[in-house]
Amino acid sequence: MERNSRMAASGRRSMARGAVFVWAAWAAALALVSVAGCGGGGDDAANDAASRHESLRSVIETLPGALYDPPKPAPALRLANAGGAPYDLANERGRVVLLFFGFTECPDICPITMKRWAQVRGMLGADTSRVRFVFVSVDPEHDTPASAAAYAAKYHPSFVGLAGTAAEIDQIALAWEVSKGRAHTGQVFVVNKDGLIPWGYGASATLPEIVRGVKALAAAGRAAAER
């Protein structure tokens, strides 16, 4: 996707979702968190937060795919896993989440995406402790929580696979603006540690580019958490 078209698309999506976050506000929020965590040295903390923010932005802006500027809040995602326990995306705060919508009998896009995830995970090394890979089936007529979980685990045991009822998937597909059923794209949403989506990528993104973006977001999360 060309840069001008993806920026225009991201702007439309941000306005449609009513996002109120801007890159500058995000940096200011990081600064406030740092000041509160240090209990002093406000100027140094603010400078550190601003520096981290600019460094992160400089990486994200060079990546292929959809840039959300301002980053948009991730819609709600709540489904039961294969064991019946609830999975809630909101509980992933502090982690970077790669989120993909597909179906288990997909012949091409899904297996390619999942295989690339396995490669990305291997390339991330120690950073995987702050990264979650989540596959969500949008084919409720054929996929169950058990089959979705088994499908994701086939590519790596740590991958999360989710499915739901037709009503649940209807609601999720509408909120995330994705197609339901067996017509879908290769879009992967990347949710940062604060539950915002600054970036999404598709088939054009190379493995090194995906790893670079995820590492930048994971490092930003680690820097804030360590203060």
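Guide: First a term: pLDDT is the predictor's confidence in each residue, from 0 to 100. This is a predicted model, and the mean pLDDT of the protein is 79, with 73% of its residues at 70 or more.

Visitor: Where does pLDDT stay under 50?

Guide: Over residues 1-40, for which the model has 62 contacts beyond four places in sequence. Residues 45-50 are also below 50, and that stretch has nine contacts beyond near neighbours in sequence.

Visitor: Switching to α5. Which of its residues are buried?

Guide: Helix α5 covers residues 145-155, and its buried residues are Ala148, Tyr151, Ala152 and Tyr155. Viewed down the axis of α5, they fall within an arc of 90 degrees, so they line one face of the helix.

Visitor: Why would residues three or four places apart point the same way?

Guide: Because an α-helix has 3.6 residues a turn.

Visitor: And what does the face turned away from the buried side carry?

Guide: The exposed residues Ala150 and Lys154.

Visitor: What do the buried residues of α5 pack against?

Guide: Against α4 (109-124), β5 (131-137) and β6 (160-162).

Visitor: Take α4. At what angle do the axes of α4 and α5 cross?

Guide: Roughly 50 degrees, and the axes come within 8 Å. That angle makes α4 oblique to α5.

Visitor: Which residues make the contact?

Guide: From α4, Cys110, Pro111, Met114, Lys115 and Ala118; from α5, Tyr151, Ala152 and Tyr155. By class, the contact has seven nonpolar residues, one charged and no polar.

How values were computed:
Residues numbered from 1 in each chain as written. Predicted model: local features only at pLDDT ≥ 70, side-chain atom pairs only at ≥ 80, totals over all residues. Heavy atoms only, no water. Buried < 20%, exposed > 50% of the residue type's maximum accessible area, 1.4 Å probe, protein only. Helix = DSSP H or I, 4+ residues; strand = E, 2+ residues; numbered from the N terminus. Arc of directions from axis to C-beta. Contact = heavy atoms within 4.5 Å. Axes fitted to C-alpha atoms, helices over the stretch in contact; angles between N-to-C directions. Parallel < 35°, antiparallel > 145°, perpendicular 65-115°, else oblique. Nonpolar A, V, L, I, M, F, W, Y, C, P; charged D, E, K, R; others polar.
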